[in-house]
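Please open the model in your viewer and keep the selection tool at hand. We will go from one stop to the next, and at each one you will hear what to pick and what is there.

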Amino acid sequence: MRVTDSLMSKSFLRNLSANTSNVMKYQNQLSTLKEVSKPSDDPLKVSKILDLNNSIIQNDQYKTTINDAIQWTNVQDSALSSATESMQRIKTLIQYSANGTLSHEDRQANKAEIESEIQGTVDALNTNFGGRYVFAGMNTTEKPFEIDKSDTGKIIGIIYNKNEATGNGNLSREIAPGVSVELNTDGRNFMNANGSNNLGTFFFDALTALETDDTEKLSGLLDRADQEIENVVSNRSKIGSIFNRLTATLERNDSEKLNLKTMLSENQDIDLAEKYMQFTMEKSAYQAALSMGTKILDTSILDYL
(Lines give C-alpha, C1' and ligand atoms only; values in the text may rest on other atoms or scores of the structure.)
Protein backbone atom coordinates (compact mmCIF):
# COMPACT_ATOMS: atom_id res chain seq x y z
CA MET A 1 0.00 0.00 0.00
CA ARG A 2 2.85 2.29 0.88
CA VAL A 3 4.52 1.53 -2.49
CA THR A 4 1.34 2.47 -4.29
CA ASP A 5 1.07 5.68 -2.29
CA SER A 6 4.67 6.51 -3.11
CA LEU A 7 4.09 6.00 -6.83
CA MET A 8 0.94 8.11 -6.70
CA SER A 9 2.81 10.85 -4.88
CA LYS A 10 5.62 10.87 -7.42
CA SER A 11 3.14 10.90 -10.31
CA PHE A 12 1.24 13.75 -8.67
CA LEU A 13 4.35 15.82 -8.15
CA ARG A 14 5.47 15.20 -11.72
CA ASN A 15 2.11 16.25 -13.12
CA LEU A 16 1.93 19.21 -10.76
CA SER A 17 5.35 20.35 -12.00
CA ALA A 18 4.13 20.09 -15.60
CA ASN A 19 0.96 22.07 -14.72
CA THR A 20 3.08 24.71 -13.01
CA SER A 21 5.37 25.02 -16.04
CA ASN A 22 2.40 25.42 -18.38
CA VAL A 23 0.79 28.05 -16.15
CA MET A 24 4.08 29.97 -16.00
CA LYS A 25 4.52 29.61 -19.77
CA TYR A 26 1.11 31.10 -20.59
CA GLN A 27 1.46 33.71 -17.85
CA ASN A 28 4.77 34.81 -19.38
CA GLN A 29 3.26 34.91 -22.88
CA LEU A 30 0.37 37.05 -21.62
CA SER A 31 2.71 39.46 -19.84
CA THR A 32 5.13 39.84 -22.80
CA LEU A 33 2.55 39.35 -25.58
CA LYS A 34 5.24 37.25 -27.31
CA GLU A 35 5.08 33.62 -28.37
CA VAL A 36 8.66 32.89 -27.30
CA SER A 37 11.06 34.71 -25.01
CA LYS A 38 14.16 32.53 -25.16
CA PRO A 39 15.70 30.11 -27.68
CA SER A 40 14.83 27.04 -25.63
CA ASP A 41 11.11 27.82 -26.01
CA ASP A 42 11.21 26.98 -29.74
CA PRO A 43 14.68 27.06 -31.38
CA LEU A 44 13.34 26.94 -34.95
CA LYS A 45 10.85 29.73 -34.39
CA VAL A 46 13.38 31.89 -32.55
CA SER A 47 15.81 31.46 -35.47
CA LYS A 48 13.12 32.56 -37.92
CA ILE A 49 12.24 35.56 -35.75
CA LEU A 50 15.90 36.62 -35.61
CA ASP A 51 16.16 36.35 -39.41
CA LEU A 52 13.03 38.46 -39.84
CA ASN A 53 14.33 41.10 -37.42
CA ASN A 54 17.62 41.26 -39.34
CA SER A 55 15.72 41.63 -42.60
CA ILE A 56 13.70 44.52 -41.13
CA ILE A 57 16.90 46.24 -39.94
CA GLN A 58 18.41 45.83 -43.42
CA ASN A 59 15.21 47.12 -44.97
CA ASP A 60 15.41 50.25 -42.79
CA GLN A 61 19.03 50.80 -43.84
CA TYR A 62 18.06 50.61 -47.51
CA LYS A 63 15.19 53.02 -46.87
CA THR A 64 17.61 55.52 -45.33
CA THR A 65 19.85 55.24 -48.41
CA ILE A 66 16.89 55.64 -50.78
CA ASN A 67 15.56 58.70 -48.94
CA ASP A 68 19.02 60.27 -48.96
CA ALA A 69 19.33 59.62 -52.70
CA ILE A 70 15.86 61.08 -53.34
CA GLN A 71 16.79 64.25 -51.45
CA TRP A 72 20.08 64.32 -53.37
CA THR A 73 18.30 64.20 -56.74
CA ASN A 74 15.84 66.86 -55.60
CA VAL A 75 18.75 69.18 -54.79
CA GLN A 76 20.36 68.37 -58.14
CA ASP A 77 17.13 69.11 -60.00
CA SER A 78 16.77 72.46 -58.23
CA ALA A 79 20.41 73.33 -59.05
CA LEU A 80 19.98 72.48 -62.73
CA SER A 81 16.76 74.46 -62.88
CA SER A 82 18.75 77.50 -61.75
CA ALA A 83 21.58 76.69 -64.19
CA THR A 84 19.08 76.37 -67.06
CA GLU A 85 17.60 79.78 -66.29
CA SER A 86 21.09 81.33 -66.28
CA MET A 87 21.98 79.64 -69.59
CA GLN A 88 18.75 80.76 -71.22
CA ARG A 89 19.37 84.32 -70.05
CA ILE A 90 22.88 84.17 -71.50
CA LYS A 91 21.47 83.04 -74.84
CA THR A 92 18.92 85.86 -74.80
CA LEU A 93 21.64 88.43 -74.11
CA ILE A 94 23.84 87.01 -76.90
CA GLN A 95 20.93 87.14 -79.32
CA TYR A 96 20.12 90.69 -78.33
CA SER A 97 23.78 91.74 -78.59
CA ALA A 98 24.05 90.32 -82.13
CA ASN A 99 21.86 93.20 -83.29
CA GLY A 100 24.10 95.42 -85.38
CA THR A 101 22.33 98.61 -84.26
CA LEU A 102 23.29 98.08 -80.61
CA SER A 103 25.91 100.42 -79.20
CA HIS A 104 29.23 99.31 -77.71
CA GLU A 105 28.09 100.52 -74.29
CA ASP A 106 24.95 98.41 -74.49
CA ARG A 107 26.98 95.33 -75.40
CA GLN A 108 29.31 95.96 -72.46
CA ALA A 109 26.30 96.18 -70.16
CA ASN A 110 25.10 92.84 -71.59
CA LYS A 111 28.60 91.45 -71.12
CA ALA A 112 28.54 92.40 -67.44
CA GLU A 113 25.19 90.67 -67.02
CA ILE A 114 26.46 87.57 -68.83
CA GLU A 115 29.45 87.47 -66.47
CA SER A 116 26.99 87.55 -63.58
CA GLU A 117 24.98 84.70 -65.13
CA ILE A 118 28.18 82.71 -65.66
CA GLN A 119 28.85 83.06 -61.94
CA GLY A 120 25.27 81.98 -61.30
CA THR A 121 25.74 78.88 -63.46
CA VAL A 122 28.95 77.95 -61.63
CA ASP A 123 27.29 78.54 -58.25
CA ALA A 124 24.44 76.22 -59.29
CA LEU A 125 26.89 73.50 -60.35
CA ASN A 126 28.67 73.95 -57.01
CA THR A 127 25.48 73.28 -55.05
CA ASN A 128 26.05 71.13 -51.96
CA PHE A 129 23.72 68.94 -49.96
CA GLY A 130 24.60 68.35 -46.33
CA GLY A 131 28.19 69.45 -46.94
CA ARG A 132 28.54 67.27 -50.05
CA TYR A 133 28.80 68.80 -53.52
CA VAL A 134 26.21 67.15 -55.73
CA PHE A 135 28.21 67.42 -58.98
CA ALA A 136 31.67 66.67 -57.59
CA GLY A 137 32.12 63.13 -58.88
CA MET A 138 33.56 60.65 -56.39
CA ASN A 139 35.04 63.27 -54.08
CA THR A 140 32.04 65.17 -52.78
CA THR A 141 33.88 67.24 -50.17
CA GLU A 142 35.71 69.55 -52.59
CA LYS A 143 34.11 72.29 -54.68
CA PRO A 144 34.08 70.97 -58.28
CA PHE A 145 33.79 74.11 -60.46
CA GLU A 146 35.48 77.48 -60.52
CA ILE A 147 35.67 80.40 -62.90
CA ASP A 148 39.00 80.60 -64.73
CA LYS A 149 40.35 84.16 -64.86
CA SER A 150 43.39 85.76 -66.42
CA ASP A 151 45.92 87.77 -64.44
CA THR A 152 43.90 90.88 -65.23
CA GLY A 153 40.70 89.34 -63.81
CA LYS A 154 39.13 88.63 -67.19
CA ILE A 155 36.92 85.53 -67.39
CA ILE A 156 38.51 83.05 -69.78
CA GLY A 157 36.35 80.01 -69.01
CA ILE A 158 35.40 77.63 -66.21
CA ILE A 159 37.36 74.72 -64.74
CA TYR A 160 36.20 71.34 -63.47
CA ASN A 161 38.64 70.55 -60.67
CA LYS A 162 38.11 66.82 -60.52
CA ASN A 163 40.37 64.30 -62.18
CA GLU A 164 38.41 61.07 -62.25
CA ALA A 165 40.74 58.15 -62.83
CA THR A 166 38.76 55.78 -65.04
CA GLY A 167 35.15 55.35 -66.11
CA ASN A 168 32.55 57.83 -64.96
CA GLY A 169 32.54 59.78 -61.74
CA ASN A 170 28.99 58.92 -60.74
CA LEU A 171 28.31 57.81 -57.19
CA SER A 172 26.69 54.40 -56.77
CA ARG A 173 24.15 53.62 -54.05
CA GLU A 174 22.83 50.16 -53.11
CA ILE A 175 19.06 50.51 -52.73
CA ALA A 176 18.09 46.83 -52.40
CA PRO A 177 19.94 43.51 -52.08
CA GLY A 178 22.07 43.29 -55.22
CA VAL A 179 20.46 46.42 -56.73
CA SER A 180 22.35 49.70 -57.14
CA VAL A 181 21.61 53.04 -58.75
CA GLU A 182 24.08 55.56 -60.13
CA LEU A 183 23.55 59.18 -59.15
CA ASN A 184 24.42 61.68 -61.89
CA THR A 185 27.31 63.34 -60.01
CA ASP A 186 30.09 63.46 -62.64
CA GLY A 187 30.63 67.16 -63.27
CA ARG A 188 32.31 66.44 -66.61
CA ASN A 189 28.85 65.82 -67.98
CA PHE A 190 28.12 69.53 -67.70
CA MET A 191 31.33 70.69 -69.36
CA ASN A 192 29.91 69.22 -72.59
CA ALA A 193 33.41 68.70 -74.00
CA ASN A 194 33.61 68.30 -77.77
CA GLY A 195 37.18 68.46 -78.95
CA SER A 196 38.58 71.82 -77.86
CA ASN A 197 35.12 73.22 -77.26
CA ASN A 198 33.30 72.99 -73.96
CA LEU A 199 31.10 75.09 -71.72
CA GLY A 200 34.09 77.17 -70.62
CA THR A 201 35.23 78.00 -74.17
CA PHE A 202 31.65 78.91 -75.07
CA PHE A 203 31.60 81.48 -72.28
CA PHE A 204 35.01 82.79 -73.33
CA ASP A 205 33.98 83.11 -76.98
CA ALA A 206 30.78 84.94 -76.05
CA LEU A 207 32.56 87.41 -73.78
CA THR A 208 35.30 88.02 -76.36
CA ALA A 209 32.76 88.67 -79.14
CA LEU A 210 30.91 91.11 -76.89
CA GLU A 211 34.11 92.92 -76.03
CA THR A 212 35.05 93.35 -79.71
CA ASP A 213 31.49 93.98 -80.94
CA ASP A 214 31.76 90.94 -83.24
CA THR A 215 28.09 90.58 -84.15
CA GLU A 216 28.76 87.86 -86.71
CA LYS A 217 30.44 85.70 -84.12
CA LEU A 218 27.68 86.40 -81.64
CA SER A 219 25.10 85.19 -84.18
CA GLY A 220 27.17 82.05 -84.73
CA LEU A 221 27.22 81.35 -80.97
CA LEU A 222 23.44 80.98 -80.79
CA ASP A 223 23.58 77.36 -81.97
CA ARG A 224 26.25 76.62 -79.39
CA ALA A 225 24.07 78.25 -76.75
CA ASP A 226 21.25 75.88 -77.70
CA GLN A 227 23.64 72.92 -77.43
CA GLU A 228 24.80 73.97 -73.97
CA ILE A 229 21.23 74.49 -72.78
CA GLU A 230 20.20 71.14 -74.24
CA ASN A 231 23.07 69.46 -72.42
CA VAL A 232 21.91 70.84 -69.07
CA VAL A 233 18.30 69.88 -69.82
CA SER A 234 19.39 66.39 -70.89
CA ASN A 235 21.27 65.84 -67.64
CA ARG A 236 18.29 67.15 -65.70
CA SER A 237 16.09 64.60 -67.48
CA LYS A 238 18.47 61.80 -66.45
CA ILE A 239 18.22 62.95 -62.86
CA GLY A 240 14.43 62.96 -63.21
CA SER A 241 14.56 59.32 -64.37
CA ILE A 242 16.73 58.42 -61.39
CA PHE A 243 14.25 60.17 -59.07
CA ASN A 244 11.34 58.18 -60.55
CA ARG A 245 13.24 54.93 -60.07
CA LEU A 246 14.07 55.82 -56.48
CA THR A 247 10.47 56.69 -55.58
CA ALA A 248 9.29 53.39 -57.09
CA THR A 249 11.95 51.55 -55.10
CA LEU A 250 10.87 53.37 -51.94
CA GLU A 251 7.29 52.13 -52.45
CA ARG A 252 8.56 48.56 -52.86
CA ASN A 253 10.71 49.00 -49.77
CA ASP A 254 7.68 50.10 -47.72
CA SER A 255 5.64 47.19 -49.07
CA GLU A 256 8.42 44.73 -48.24
CA LYS A 257 8.69 46.10 -44.70
CA LEU A 258 4.95 45.66 -44.20
CA ASN A 259 5.23 42.03 -45.35
CA LEU A 260 8.20 41.41 -43.06
CA LYS A 261 6.41 42.90 -40.07
CA THR A 262 3.33 40.80 -40.83
CA MET A 263 5.44 37.64 -40.96
CA LEU A 264 7.22 38.66 -37.75
CA SER A 265 3.91 39.23 -36.00
CA GLU A 266 2.62 35.85 -37.14
CA ASN A 267 5.67 34.13 -35.67
CA GLN A 268 6.24 36.28 -32.61
CA ASP A 269 2.99 37.79 -31.36
CA ILE A 270 0.34 35.84 -29.50
CA ASP A 271 -3.40 35.58 -30.04
CA LEU A 272 -4.45 37.26 -26.80
CA ALA A 273 -7.89 35.65 -26.54
CA GLU A 274 -6.55 32.18 -27.31
CA LYS A 275 -3.65 32.47 -24.87
CA TYR A 276 -5.93 33.76 -22.10
CA MET A 277 -8.25 30.81 -22.62
CA GLN A 278 -5.30 28.38 -22.48
CA PHE A 279 -3.97 30.12 -19.38
CA THR A 280 -7.39 29.84 -17.70
CA MET A 281 -7.61 26.11 -18.54
CA GLU A 282 -4.11 25.40 -17.27
CA LYS A 283 -4.73 27.40 -14.11
CA SER A 284 -7.94 25.43 -13.48
CA ALA A 285 -6.04 22.18 -14.07
CA TYR A 286 -3.32 23.36 -11.70
CA GLN A 287 -5.84 24.22 -8.97
CA ALA A 288 -7.62 20.87 -9.49
CA ALA A 289 -4.29 19.09 -9.22
CA LEU A 290 -3.55 20.86 -5.96
CA SER A 291 -6.94 19.89 -4.60
CA MET A 292 -6.45 16.27 -5.63
CA GLY A 293 -2.94 16.30 -4.20
CA THR A 294 -4.15 17.13 -0.73
CA LYS A 295 -6.11 13.89 -0.79
CA ILE A 296 -3.29 11.82 -2.26
CA LEU A 297 -0.79 13.19 0.24
CA ASP A 298 -3.26 13.15 3.12
CA THR A 299 -1.30 10.73 5.30
CA SER A 300 -0.31 10.77 8.91
CA ILE A 301 2.96 9.85 10.49
CA LEU A 302 1.27 6.79 11.88
CA ASP A 303 1.09 5.31 8.35
CA TYR A 304 4.86 5.05 8.38
CA LEU A 305 5.20 3.46 11.84
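**Stop 1: Leu 250**

Select Leu 250 and show its surroundings: leaving out residues up to four places away in sequence, Leu 250 touches Lys 63, Ile 66, Asn 67 and Ile 70, where contact means heavy atoms within 4.5 Å. Leu 250 lies in helix α6; helices here are DSSP runs (H or I, at least four residues), numbered from the N terminus. Now pick the C-alpha atoms of Leu 250 and Ile 70: they are 180 residues apart along the chain, yet separated by 9.3 Å. Is Leu 250 buried or exposed? At 17% relative accessibility, Leu 250 counts as buried, a word that stands for under 20% relative accessible area, with exposed over 50% and partly exposed in between (1.4 Å probe, protein chains only).

Before moving on, note that this is a predicted model, in which local features need pLDDT of at least 70 and side-chain atom pairs count only at pLDDT 80 or more, while totals for chains, interfaces and linings use all residues. Residues are numbered from 1 along each chain as its sequence is written, and side-chain values use heavy atoms, with hydrogens and water left out.

**Stop 2: the cores**

Next, select Ile 94, Phe 135 and Phe 202. Within the largest nonpolar core, which has 48 residues, these three touch the most other members. A nonpolar core is a set of buried Ala, Val, Leu, Ile, Met, Phe, Trp, Tyr and Cys residues joined through side-chain atoms within 4.5 Å. Colour helix α2 (residues 43-97) too, as it gives the most to this core, with 11 residues. For a second, separate core of 5 residues, pick out Ile 49, Ile 56, Leu 260 and Leu 264, which are among its members.

Return to Phe 202 and display its contacts. Beyond its neighbours within four places in sequence, Phe 202 meets Met 87, Ile 90, Ile 94, Leu 221, Arg 224, Ala 225 and Glu 228.

**Stop 3: α2 with its partners**

Show α2 together with helix α5 (residues 199-211). They pack at an angle of about 30°, with axes 11 Å apart; axes are lines fitted to C-alpha atoms, for helices over the stretch in contact, and angles run from 0 to 180 degrees between N-to-C directions. The two helices are therefore roughly parallel to each other. At this contact, Met 87, Ile 90, Ile 94 and Ser 97 in α2 meet Leu 199, Phe 202, Phe 203, Ala 206 and Leu 210 in α5.

Angles under 35 degrees count as roughly parallel, over 145 as roughly antiparallel, 65 to 115 as roughly perpendicular and the rest as oblique.

**Stop 4**

Arg 107 is buried, with a relative accessible area of 4%.

Click on Asp 213 next, in the loop between α5 and α6 (215-268). Asp 213 has a positive phi of about 55° although it is not a glycine, and at 28% relative accessibility it counts as partly exposed.

**Last stop: Asn 192**

Finish in the loop between α4 (188-191) and α5, where Asn 192 is found. What is the phi of Asn 192 near? It is near 50°, a positive value in a residue other than glycine. Asn 192 counts as partly exposed, at 23% relative accessibility.
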